[in-house]
Amino acid sequence: MDNNNKNKDPNHNRQGWGIILATTLLVTFIVMGLYSMMQGSGPEEISYDKFLSLIDEGKVQEVSLNSDRIYITLTDEARREELEETGRTGNPGNVLSQLQDQMQGQMQSGGGTEEESERSPDYYTGYVNDYTLTDKLEKAGVKFGSKPGDTMAQTLLELFLTVILPIGLMALMLVWLMRKMTKGGGVMGIGKSNAKMYMEKETGVTFQDVAGEDEAKESLQEVVDFLHNPGKYSGIGAKLPKGALLVGPPGTGKTLLAKAVAGEAKVPFFSLSGSAFVEMYVGVGASRVRDLFKQAQQQAPCIVFIDEIDAIGKTRDSSLGGNDEREQTLNQLLAEMDGFDTNKGLLILAATNRPEILDPALLRPGRFDRRIIVDKPDLKGRVEILKVHAKDVRMDESVDLEAIALATSGAVGSDLANMINEAAINAVKHGRQVVSQKDLFEAVEVVLVGKEKKDRIMSKEERRIVSYHEVGHALVTALQKNTEPVQKITIVPRTMGALGYVMQTPEEEKFLNTKKELEAMIVVALGGRAAEELVFDTVTTGAANDIEQATKIARAMITQYGMSDRFGLMGLESIQNRYLDGRAVLNCGDATAGEIDVEVMKMLKAAYEEAKKLLAENREALDKIAAFLIEKETITGKEFMKIFREVKGIPEPSETEEGAPAEREGRITMKSEPAEESQITAGGE
Ligand code: ADP
């Protein structure tokens, strides 16, 4: 359920301002209109002169005086005359005048007659210090008196309409808008936790939905128990954990695990991303943290999950230009974590794939003191993950999830879930009701090298070069004992750039590689380029990926695995961002770095010579297999080995050997290698 999310919509803010503007305009118009009506319809100003002449002419029926004005009411006859003369439209004749009359009437109640109160003055003039006025009025038989109430009422009305009413309306409007916005954040509510926070009352996820990751589940099981029976632990004096940090590469199921903890403990689950705290304005993040903890404590027992906590939890640095906002947010988070009472059953889970950059203060006891590693799944883990996701997909009996797991070394949970889904989509596309093993393999290939690029038309010569290149890799593989068997060779281009590729499969998952195996891998990687040079006496751009891969292995052998005679066991590189790109950083001086490069070059050169030698010695096999591949476009490991054995005069293996994993048809793989990445030997563009 999305709790506050709706308030974050910028359109919503814009709408708010729109309403304020429209109301202001409307109120202004109304006030201006009323005011002008009032102005236009009230008594008209005349000069004192004219007033005197009106008295002389006997046209004045009544006069009322106040401190600064004299209001004049004409006789009926005179009024009619005046009207004809000036063309003024009836006065009193409009709403406002009636209103004024009524008010005047009320103010005078008890004073004048009803008749008097019905008439409103026609003219007014400024008060002049004229002592003779009363005499003149008496002489002319004009009624007169002072009417302080008249002006009071009028002034009050004017004041009300021009000042109090608009200000009051505006204030009301503003209060209403502010309340609406601050409820969940918005223009005014920047301080509120209007970050994307999701709340689920029941996640419905349990540990059964998370496959593999047994160690992580075990640690979290304890946490669930804390939430279930806080009394059991606090009774004995044990402090409940406040937070746990889930550490691992993306897609390994960290979010899923956090949800499972909430699901198992049957408590609500709040989740938001670390980056959602940090805004442009200083202080916003900190107030969001405060708000988050306030909300969570109200809902306790509950789980709060902060994804990508490294966005706020980065080590605070003292260098100039540090990020003030982030530091304040982090400080607030630390303070809140110290402050809350665990007995209520509030648990903060956070996820990161860069634990090394987190501020140490965040990891000390009493904060995220439990670190739970959620690493890439091993073979068994992958089989289990595939099973979990295959549960809801109809599969035929040909499906062997173990074979898929073996072929997907290095893949994480989200990759595997994606593969199963791709396979199901593929089956539907072909009008089938169930998913077959072939669909699954195709899905694996799509995830690895992209979809087939059917519209890419290669020239005949290019096809020949790509074929020799790929067969070069495969043949070197088959000729070296320490490399994994070839499973499939193809020259159908793929969307991710490969013009062709060779797939190899391990017979079992390996966690260690020997020096010999690594050397053999380098020779295989360079086998494609060696075949090109041997056959065409020229080289192409297609080996770029191979060269990169070979260099990476050679470099790691020298700098990380202590496998070179020259440098021995010296650790020359260390790995950063282990859970992300695993980039290596040199720890040695410039001179040594230069020497490392020389050593790498030497190693690559030797491997290339070895590949060329192997291929030259087996030129017949190379030509025959390449010709077959050009014709067929895709060949299996079995077909490859058949020609290879024929040429080499090796007898066909017996039935039992036939079934060995290396020979099973259709098996493809990403091979796990020291750099921890799955790869295939592919000829790029
Ligand atoms: P992370 O938070 O580590 O990046 P997620 O928990 O978001 O990864 O995982 C994404 C999806 O991958 C999950 O929703 C789930 O479908 C699948 N997945 C990942 N790991 C597992 C696992 N161990 N078991 C089952 N499914 C998994």
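Two strands pair if DSSP finds at least two bridges between them. Keep that in mind for the first stop. One more thing before we go: this is a predicted model.

Let's start with strand β9, residues 302-307. What joins β9 to strand β10? 5 bridges do, and the two strands run parallel. That clears the cut-off of at least two bridges, so β9 and β10 count as a pair. Strand β10 covers residues 346-352.

Strand β8, residues 269-273, is joined to β9 by 5 bridges. These strands run parallel too. Here, find Leu 272 and look across to β9: Ile 306 stands opposite.

So is β9 buried or exposed? Of its 6 residues, 5 are buried, so the strand is largely enclosed by the rest of the structure.

Next stop, the record. UniProt, in an unreviewed entry, places the feature "binding site" at His 469, His 473 and Asp 546. Those residues span 78 positions in sequence. Yet no two of their C-alpha atoms are more than 10.8 Å apart, so they gather at one spot.

Where does His 469 lie? In helix α19, residues 460-479. His 473 is found in helix α19 as well.

His 469 has 2%, so it is buried. His 473 is at 0%, so it counts as buried too.

Methods
Residues numbered from 1 in each chain as written. Predicted model: local features only at pLDDT ≥ 70, side-chain atom pairs only at ≥ 80, totals over all residues. Heavy atoms only, no water. Buried < 20%, exposed > 50% of the residue type's maximum accessible area, 1.4 Å probe, protein only. Helix = DSSP H or I, 4+ residues; strand = E, 2+ residues; numbered from the N terminus. UniProt positions renumbered as here; feature names shortened; annotations may be inferred.
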